[in-house]
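Welcome, and please open the viewer so that we can walk through this model together. At each stop you will hear what to select and what to look for there.

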Amino acid sequence: MRSNLVRVALATTALLSFVMLLTACGGDDDATATPSASPTNQPSTVNATPTGPTPTRTPVNVSIEEEITVFAASSLTEAFTQIAEDYEAAFPGIGINVVFAGSQQLRTQLEQGAEADVLATADEEQMDLAASSGLVSGFRFTFARNRLVIIVPDENEAGLTEPEDLAQPGVKVVIGGENVPVGRYGREFLDAASQQSDFGGDFADAVLGNVVSEASNVREIVSAVQLGEVDAGIVYVTDVTQSVSGDVSTIEIPDDLNPEARYPIALTHLGAPKDNAQGFIEYVMSEAGQATLGLFGFAPGVP
Amino acid sequence: MPPLLDVAIRHRLGSFTLDVELTAPDGPLVIIGPSGAGKTLLVRSLAGIVTPDEGRIEVNGRTLYDSASGMTLAPQSRRVGYVPQEYGLFPHLTVRANIAYGLRGTGSDTARRRIDELLELTGLSHQEALRPRQLSGGQRQRVSLARALAVQPDVLLLDEPFASLDVPTRQALIDDLQQLLSTTGTAAIVVTHDRNEALRLGNYIAVLMNGSIRQAGSPSEIFSSPQSEEVAAFVGVETILHGCVRATEDGLPVVEVAGHRIEGGSGVGTGDAVLVCLRPEDVTISRESQPSSARNHLAAVVTRLVPAGPYVRVEMDAGPTLVAMVTRHAVEELTLAPGVQVIASFKASAVHLIRK
Amino acid sequence: MPEQQLDRPEQRLLAAAETLGAGMAGLIAVVFLGLPIFAIIERAFEKTDFFDVISSSVVTEALRVSLMTTAVSLAIIVVVGTPLAYVLSRYRFPGHAVVDTLIDLPIVLPPAVGGLGLLMAFGRRGILGEWLDDAGVEIAFTTTAVIMAQVFVASPFYIRAAKAGFDAVDRDLENVAYTLGSSRSGAFLRVAVPVAAPSLMAGAVMAWARALGEFGATIMFAGSLPGETQTVPLAVYRSLETGIDVPLALSTLLIGVSFAVLLTFRLLAGRGALTL
């Protein structure tokens with residue numbers, strides 16, 4: 001009796017899985033594919049308190065009529081979280097889902113088929129690459145600008161006080177990878193500095209020799225410096241948020257050496273861009289959006 | 001000459017207590033007992049694998065363990081040759097390498113000669129390159145022996161060396177073992193449950209039951225004169241009757257057993273309560289009363305016939321139960337069958353009495 | 001008799017369904033497990049200039065870092081883990097259960113948690129790391145850190161297998177060895193290890209595989225620097241941001257190397273098993 005029960009169970013399982021397989025193949029495949037998980041791909045939960053005008057929050061049980069997915073560079077975490085909240089408050093029924101990661105990661109995920117409605121990167125280069133892959137529509141807006149700063153752990157055991165100190169032997173530095181916007185800008189700064197006599201011609205090489213890790217996004221760099229595991233990191237000025245400022249100190253980079261980071265935003269080319277995607281971009285470019293970005297330390301997109 | 005073994009140990013293992021006191025003058029010593037008696041535990045204590053809770057172990061006058069002075073020799077230093085029940089051959093080594101295992105430090109020439117010698121002695125010269133799994137049970141046993149002998153131990157400890165072998169192999173190997181022991185002059189302590197092995201191998205026998213030694217002595221003492229009902233049953237006495245000594249006639253005790261009168265035995269006085277022990281081989285059966293040299297005749301009814309190879313075990317009811325072992329031929333001749341009335345006879349000399 | 005209660009036709013239908021079920025299960029398994037591997041190799045040769053890419057520095061350096069670190073990690077795991085597994089198998093001591101559970105922990109914890117733990121323990125501000133840093137010993141963000149991360153996540157696989165292997169070795173073999181004059185370590189090396197060898201080999205393979213694929217703990221504790229700490233998994237992840245050709249080439253190489261190593265182990269173990 002028992003053996004027959006087993007046989008029946010086996011056969012039933014087989015048939016069930018066969019049926020499931022058939023339905024899976026024929027099912028819809030337009031479920032919004034959330035981009036593949038990378039360690040820092042979660043929407044940041046950091047809540048910097050802005051002191052600007054805050055629209056009243058709409059009741060939570062308003063039905064969402066449309067959802068917009070925004071891919072934004074990691075350095076935009078706090079600013080865009082706030083902007084998304086503001087936008088949802090102003091336009092009830094619209095849900096804004098923001099995904100933060102290194103700009104190059106976002107572009108790659110789009111290439112691999114992830115779906116988003118808006119792309120906001122930390123440099124033109126990644127946007128150019130996205131455009132040449134046919135991923136974004138032709139028209140883009142520069143919505144913010146940024147500058148670099150050197151951060152060191154609060155204790156600053158290595159005793160760094162000036163940018164030149166980065167080249168000192170034994171100093172541990174973390175910068176972005178070559179394809180990461182903040183890494184590219186950082187290398188621009190190093191090369192520019194090497195032209196100056198204060199720094200010396202081998203400044204860039206010395207600093208690069210001190211690099212112990214290349215990060216995929218700014219938040220990794222901030223984290224490493226916060227933990228005290230490294231002596232210095234090159235990040236954006238906007239990355240020194242309230243929650244971070246207690247753990248790190250900054251060393252300024254002279255203006256003439258500090259590259260200006262330009263942040264472009266564009267619609268992703270999805271055949272039929274959603275109305276509210278365009279609306280979101282317009283909001284970012286509006287007074288309200290720009291004011292919010294300013295609160296978090298960004299310079300306005302248009303000077 | 002110091003005794004081969006002088007041991008007095010106590011050891012608790014869960015709910016089992018081993019409490020052994022034994023002095024064996026010379027070997028081969030065979031410790032015999034049913035399964036669960038503590039034989040393996042005893043062997044392991046002698047080998048040094050198990051340290052008893054308390055006691056003393058001396059082999060050939062050399063102290064291996066003495067809890068009183070806190071002294072325990074590690075197995076490495078005991079100079080004992082341990083042959084476990086499953087032979088414990090190293091599966092990853094050849095026969096030769098197995099035998100050579102303990103000879104690590106010895107010079108290569110000496111070692112080689114000794115191994116060759118042992119291979120010849122145990123008849124394994126042709127098998128030296130084989131692995132244990134390619135050997136028969138008997139061959140494995142011989143490798144295990146050779147390996148133990150290679151380091152020239154003071155004494156061999158063999159745990160049920162013939163248990164997993166078939167009867168013909170067993171017979172041959174018992175002879176071989178005796179030969180081997182006398183050729184190499186090695187003392188041996190053998191542990192077994194088999195009475196035949198004990199009889200053939202043993203010079204001194206100790207009966208171990210439920211953790212303690214019940215009786216120790218020469219083979220004939222143990223087998224012909226068991227001193228307790230338990231030992232008697234274990235050594236093959238199948239008829240044990242309860243009775244009382246009524247009188248002594250012609251120097252022979254007369255025992256009353258359930259209305260029957262039995263003459264025989266020794267060492268008891270009138271009025272003693274005794275156990276009458278009879279080996280089945282000593283009981284003969286006839287259909288009618290016949291004059292014979294046997295002094296004891298009991299009327300009985302056959303209750304059961306159990307074939308045992310060329311023999312048949314006949315159980316009879318004479319009030320108490322009697323057991324006889326007769327040939328199949330005899331059964332046919334006498335037309336024995338359950339329910340048949342017979343006379344069971346046995347000599348006075350076959351009677352062994354144990355005072356209760 | 002229960003068996004005879006089913007009619008003939010029913011039984012035949014049942015048998016057919018069973019065969020179908022087993023076949024389906026097998027097919028699903030092969031496709032699910034095999035297709036991704038095959039797809040990588042096929043795409044690698046179709047879409048990239050394979051032999052050009054594999055000679056690029058990103059690929060060669062990642063491969064070198066991975067092979068070197070996993071080799072060292074495996075050596076450490078085997079040298080330290082084998083005696084440990086033996087002690088766990090043969091001896092009961094106070095705290096045995098604690099040690100046993102501790103060894104299993106890295107398997108259960110997410111690698112990122114492991115990485116965080118290593119950082120908190122051995123990082124510059126770590127419990128032990130602080131002292132080491134004062135003494136001039138740097139661990140985090142070095143190749144040493146990569147090895148430590150690998151050892152942390154992979155050693156449980158080896159120790160478990162080794163312990164099971166030793167458990168299966170008859171203790172009487174070691175007892176006999178003792179009476180023949182072997183010390184405890186002598187019996188360990190000459191009897192226990194050779195007899196348990198197949199299990200040890202299998203455990204080593206599993207541990208090596210785990211170390212090779214390690215990502216989460218490595219990226220947290222060792223960071224990612226080409227030529228020093230960027231292992232193949234890290235390199236695949238990073239280079240995916242630039243394009244698909246380097247990841248494809250790297251992955252194909254890794255599949256090839258892994259296959260070769262696993263095959264070698266299997267052949268060695270197979271031969272070893274035959275001689276026992």
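## Two helices in chain C

Start in chain C and select helix α7 (residues 143-167) together with α9(C): their axes come within 8 Å and cross at roughly 155°. That angle makes α7(C) roughly antiparallel to α9(C). The crossing of α7(C) past α9(C) is right-handed. Keep in mind as you look around that this is a predicted model.

Now show the side chains where the two helices meet. On α7(C), the residues in the contact include Val153(C), Phe157(C), Tyr158(C), Ala161(C) and Phe166(C). From α9(C), the partners include Ala196(C), Leu200(C), Met206(C) and Ala207(C). Which classes of residue make up the contact of α7(C) with α9(C)? Colour by class and you will find 16 nonpolar, five polar and two charged residues.

## Where chain C meets chain B

Stay with chain C and bring chain B into view. This contact takes 14 residues from chain C and 18 residues from chain B. On the side of chain C, two elements give two or more residues each: α8 (171-179) and α9 (184-212). Which of them gives the most? It is α8(C), with six residues. By class, this side of chain C has eight nonpolar residues, five polar ones and one charged one.

Next, show all three chains together. There are two pairs of chains in contact, and chains A and C share the most contacts. Chain A and chain B, by contrast, are joined by no contact, and their closest C-alpha atoms lie 36 Å apart.

## Across chain B

Hide the other chains and look at chain B alone. Its domain assignment gives domain 1 (5-228) and domain 2 (237-355). Give each domain of chain B its own colour: their C-alpha centres lie 39 Å apart. The contact between them takes five residues from domain 1 and four residues from domain 2. The domain 1 side of that contact has one nonpolar residue, four polar residues and no charged ones.

Select Ala258(B), in the loop between β13 (252-257) and β14 (260-263) of chain B. Ala258(B) is not a glycine, yet has a positive phi of about 50°. Is Ala258(B) buried or exposed? Ala258(B) is exposed, with 11 other C-beta atoms within 10 Å.

Then move to Thr335(B), in the loop between α9 (328-334) and β20 (341-346) of chain B. Thr335(B) is also not a glycine, and has a positive phi of about 45°. Thr335(B) counts as exposed, with 8 C-beta neighbours inside 10 Å.

## Into chain A

Finally, show chain A, which has 10 helices and 11 strands. Of the 303 residues of chain A, 44% count as buried. Among contacts in chain A between residues at least 6 apart in sequence, 79% join residues at least 24 apart.

Colour chain A by domain: domain 1 covers 66-146 + 262-300, and domain 2 covers 148-257. The centres of these two domains of chain A, taken over C-alpha atoms, are separated by 27 Å. Their contact takes 18 residues from domain 1 and 14 residues from domain 2. On the domain 1 side, α3 and α4 of chain A are the elements that give two or more residues. The most come from α3(A), with three residues. This side of domain 1 of chain A has five nonpolar, 10 polar and three charged residues.

Zoom in on helix α3 (residues 103-111) of chain A. Why is α3(A) described as largely enclosed by the rest of the structure? Because eight of its nine residues are buried. Among them are Ser103(A), Leu106(A), Arg107(A) and Leu110(A). To see what surrounds them, select β1 (66-73), β2 (94-101), β3 (118-120), α4 (124-132), α5 (181-194) and β10 (261-268) of chain A, against which the buried residues of α3(A) pack. Just after α3(A), look for Gly113(A), which takes a positive phi of about 110°.

The last stop is helix α7 (residues 218-226) of chain A, which is mostly covered, with seven of its nine residues buried. The buried residues of α7(A) include Val218(A), Glu220(A), Ile221(A) and Val225(A). Just after α7(A), Gly228(A) takes a positive phi of about 80°.

Notes: Residues are numbered from 1 along each chain as its sequence is written. Chains are lettered from A and ligands numbered from 1 in the order in which they are written. This is a predicted model: local features need pLDDT of at least 70, side-chain atom pairs count only at pLDDT 80 or more; totals for chains, interfaces and linings use all residues. Two residues are in contact if their C-beta atoms, placed from the backbone, lie within 7 Å. Helices (H or I, at least four residues) and strands (E, at least two) are DSSP runs, numbered from the N terminus. Ala, Val, Leu, Ile, Met, Phe, Trp, Tyr, Cys and Pro count as nonpolar, Asp, Glu, Lys and Arg as charged, and the others, Gly among them, as polar. Domain bounds come from an automatic or database domain assignment. A residue is buried if 20 or more other C-beta atoms lie within 10 Å of its own, exposed if 12 or fewer, and partly exposed in between; C-beta atoms are placed from the backbone. Axes are lines fitted to C-alpha atoms, for helices over the stretch in contact, and angles run from 0 to 180 degrees between N-to-C directions. Angles under 35 degrees count as roughly parallel, over 145 as roughly antiparallel, 65 to 115 as roughly perpendicular and the rest as oblique. A crossing is left-handed if the near helix is turned anticlockwise from the far one by less than a right angle, and right-handed if clockwise.
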